Structure formats: C-alpha cells, structure tokens
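Have a look at the structure first, then read on.

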Amino acid sequence: MEQFTVQVATEEHISYIEEILKTIEDATKVRGTGIAKRKPEYVAQKMREGKAIIAMCGNEFAGFCYIECWDHGQFVANSGLIVKPEYRGQGLAKKIKAKAFQLSREKFPDAKIFGLTTGAAVMKINTELGYEPVTFPDLTSDPTFWKGCESCINYDVLCRNNFSRCLCTGMLYDPAKHADAIKPQKVGKKKVVVAFSGGLDTSYTVMYLAKEKGYEVYAACANTGGFSPEQLKTNEENAYKLGATKYVTLDVTKEYYDKSLRYMVYGNVLRNGTYPISVSSERIFQGMAIARYAKEIGADAIAHGSTGAGNDQVRFDMTFLVMAPGVEIITLTRDENLSRQQEIDYLNANGFPADFKKLKYSYNVGIWGTSICGGEILDSKQGLPETAYLKQVEKQGSEVIALDFKEGQLVGVNGEKIDDPVKAIQAVEAIAAPYGIGRDMHVGDTIIGIKGRVGFEAAAPMLIIAAHKFLEKFTLSKWQQYWKDQVANWYGMFLHESQYLEPVMRDIEAMLESSQRNVNGTVTMNLRPYGFDTIGVDSPDDLVKNKLGEYGEGAKGWTSDDAKGFIKVTSTPLRAYYLNHKEEGDQLEKEL
C-alpha cells in the first residue's frame, strides 16, 4: 500500500498542472464521457487561491480535485476528481473527495455542494459524505457550469431534455438538512478584500486594516484595461509592503467589453450626447470582479477607497450588496472623513514612504477613455489647457482611417483584420490619440444628486461610435434607428446610475444585439488635429443603394401619379383639420 499525502494545493504544485490535465484527458477518453476542460492558467489560479486538493506519493503526483463556485457562492462543486491509473484501487479517490468536501465546508459553510457523476464508486463516496440524489433543476442554474458539459459525448442528450436530465446522476449536499452536523468555524483572522488601485486611499486602507484592525488583507486590483504591466507589478510590490497577505490582479477587460462595451457601441451611447461613459462604466465590472473574488475566498468584508462625495461609492456599494450579500463593506476614507494629509502621515509614520503628491489634476484611465478632474474643472467659467491632457497632440496634417464592422462590432482597422475587440480599440486609439481627437467636457447630474463636471479624452470611443452611427444610417430602417436610440439612451443612463444589474438591462441588450444583424461594412474617416470627418461607407447592406430610386435624381419604383396620390393621401389629416377650423387656416395664411 502506497503512502499518500493529501493536502490543499499551493503555488508550489503548479509544476504538476500539465500532468494533471493530461491524466484527466486520458481518463475522459477511457470512460467515454466528458469533463469540463480547463486551461492551465485556470487550474493554477485555483492552486493560488487555496481551492484545490492534490495527492502526492513522495514527489510524484497521484491525484487531484478542485473547488468551483456558482450562483455567487450559493453552490459549490468539487470538480476534476482524478487519480493516476497506477494509484487506483487504494482508496485515494475517497480521501481526495473527503478533503475537498471538508475544504468546501470550511470556505463556504452555507453553500450547497453538488456534483454530476456516472460512476458507482463516486456515488458511494458522495452518499457517505451526506450527498443525496436530486434532479438537475435542484442544482445550479448558472449557464457557465452547464457549458462545461459541451465536451461530453452525451451533451446532445442533455440538450434534448432541456438541461433537465441526462445520463449523469445529480447529487447534492444541502447544509440546511444537516443542522445537527458541526458547522465549520472560521479560525484566525478575518479576511478582507481591498479593491486596490495603488492610490493613496487604497494604500492607506490596506495598511490600516492589516496593522490596526488585524485583518488578513487580500489586495485585489480589478483591471479593465487601465493598468500597464509595469503599474500592475508596482501595485503587487507595494501591496505586500503595506501588509497584504495576498495580492491578485483580476483582469476583466474582456468581460467588460463582452458584457457592456459592445452594447454601448451598438447603442452609440453618449451621456448627454457628449460623454462615452468612460471609466465610470468600468467601476461596475471592477466591483463585480471584487465581489466574486471575495465570495471565492470566503471573505468577511470588502473595502474600497471611495469618498462620500462621488458616484463611485454608489457603484461599488450597490454591486457588493447585490453580489456579496452579508459581506461587510468598509470605507475608511468615507466613514472617517480622512484628509489626504492624514493618510500620508500615517503611511510615512509606519514605514511606507508615501510619495502621493497633491496633483492639480486627478486621472482615471481605462480602455474606454480617460477622465480628468480638478484644476480648471472646478471653475465653470474655464476649460482645460493643453497641458491637462495625458496624450499630447503629436500629429499634424491629416490621414484617412478605415474601420471595418461586422454585425455592429469593430473587426478591422485600415484593412487589417483584428479578432480581439480590445486590441481593435487599442489600434484605433494609437492612430487617433496623437491628433488630440476625443477631447471634451461633460457636465451632468451625479447619482447622489449634485451637478458634476469632468474633462475627458477618448479618441477611440468617439471615433468608433461616430463611425458605427454613420454606418447604421445606411443599413438600418427608419424605425430601427428610432427605437434603438430610445432604449440606448436608457441603457447609458442606467449604466451611469449604477443599475447595470437591473434585469431590464439584459432585455435592452437583446434588442440592441438583434438590431445589429445588418450593420456590416467599412467606414472611412478623415482625421486631423482635434477633430475628424466621416467620408463614406462601403457596405453590402447599404440601403441607399436600391433598385427603386435615387434620392433627388429619379424614381424607378413608382410613377408620377403614384407620387401625387401618395402626397395627397399624406396631406389628408391636415386638410381635414383646416377644413373644420377655417379661422385657424385664415390666421395661418396671414402669419406665414
């Protein structure tokens, strides 16, 4: 009998990932069933988060399992259970499963633990742990989980049964039915996730919570495209210097594009007809990423550095309240009304040289633009000087840019196909920003009720939206454009007002996406310092090109008699009105 060590995997075990995934793949082929395929990066993240179990026989990998959360932590699955062939038949799978079950109960004591299996041995292990057979509707409804079944040869059976049953047996451990069981108790320090940007407020928050409050601090930087690799590296180094137990970067740039940005393009969304809702829209996705991470690690609290005078406090708090209910929200800067100098003095006094100078302007940089606050912004009579902008005017003269769209999405720039939409946005920004394009000032109503003013520079968003809207004029019907404009205005307003999670947003997105099926073609634009002009459109769906007639030139789809009859019928309501109100008609004649 081999001697096994079954333990929670750590970063030290990342070197075994390739072997683990190969073992899973081989076992899947032998069983003739499927298992959710995971990339090495995904499994590595599980190890770093302490949500995987590995069995070792000396220095040899012997078995593996990991934990996944669904429905915002309401359900937990122990996935990827595997034992290497040479170590089977020794009860190792049972030991790994028991350890994963214990870890799940410790990290998510209130979550239902479930699994799908066709194996009698796994069913027996699950039954001994307290699982019961259930129907599929009793399991998670999260579509991402069920998408993992696509790799199974029986997926068509699942689809035919509308995801209500398949050849697998669903098994569920419901902690509510085991009230007499000892509920895992959290030991040691409380965990807090700090939404860490690397700025003064969040730096103070990390150190104060770790040093003064005794929290186990997890500094999480949610990146929506505004951080460079160098900035992220500095953030990580500083987080540990400030006392963080762990630092993570949560890259949600693609999620932000897929779930919001593309709809903002579909809707040509500009707040008050001016502002492309740049960094402010990213806050929602940063908040959702932080909330998910907090649930994953079983955090007791989430902290952020917003003040009590802006919109971001609303965006973060509302997102956390919905996505991480019951998790405490800590906002030291807001609640204690801290000044910058107080925070700087505290950091300096505790060994962290705080080089946070009070700059004239504050900037928030993201994939969809840069916002600028402070300085002349605070005086309604003034505008921003050239020096206030991060991207200076470096190009003179003019140049033509061609943007290719497919079903409303940007897929190419200047004839080069770009599959990654984020890279396509960055390509447009690189070309247009040196002209100083996309600069403007937005004045609007904040969520908290006061007026707010912000400068911004957003070359790519302004060009892309303008080109897309121009293309739609050629390819959409009159009423498609009209109704799309109505719902898009609401979409932008709800996004700005921190209502992204409102269910109606999914309905609006469905309408916007449907409207884009014929928005295909290339838009050419002329760029020049501080501005641009649209030139033309080349589209297979161009409605200007038709066999019925050319505007102002000639009619082919109707006769002159048809035109006269149409005009006469169209005028009927007006003629009827003035025949019944002759005095108004007479007065109108005198005035006109």
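## Ground rules

This is a predicted model, so to speak of local features we need pLDDT of at least 70, side-chain atom pairs count only at pLDDT 80 or more, and totals for chains, interfaces and linings use all residues. Residues are numbered from 1 along each chain as its sequence is written, and side-chain values use heavy atoms, with hydrogens and water left out.

## Ring pairs

Tyr 361 counts as buried, at 10% relative accessibility, while Tyr 363 is partly exposed at 27%. (Buried is under 20% relative accessible area, exposed over 50%, partly exposed in between, with a 1.4 Å probe and protein chains only.)

Over the whole structure, a search turns up 27 aromatic pairs. Take Phe 64 and Tyr 66: their ring centres are 6.1 Å apart and their planes sit at 45 degrees, so this pair is tilted. (Rings of Phe, Tyr and Trp, the last by its six-membered ring, pair if their centres lie within 6.5 Å; planes under 30 degrees apart are stacked, over 60 edge-to-face, the rest tilted.) Phe 64 is buried at 0%, and Tyr 66 is buried too, at 4%. Tyr 361 and Tyr 363 make another tilted pair, with 6.4 Å between centres and 55 degrees between planes.

Trp 70, Phe 75, Phe 114, Phe 136, Phe 145 and Trp 146 come together as one aromatic cluster.

Two arginines sit over tyrosine rings. The charged end of Arg 439 is 4.0 Å from the ring centre of Tyr 389, and that of Arg 506 is 4.4 Å from the ring centre of Tyr 500. (For this, NZ of Lys or CZ of Arg must be within 6 Å of the ring centre and within 35 degrees of the ring normal.)

## Around strand S4

Strand S4 (residues 75–83) is mostly covered, with nine of its nine residues buried. (Pairing takes at least two DSSP bridges between the strands.)

Ala 77 of S4 is the bridge partner of Glu 68, and Ala 77 also stands opposite Phe 114 in S5. In the S3–S4 hairpin, with four residues between the strands, Asp 71 takes a positive phi near 50 degrees.

Methods
Helix = DSSP H or I, 4+ residues; strand = E, 2+ residues; numbered from the N terminus.
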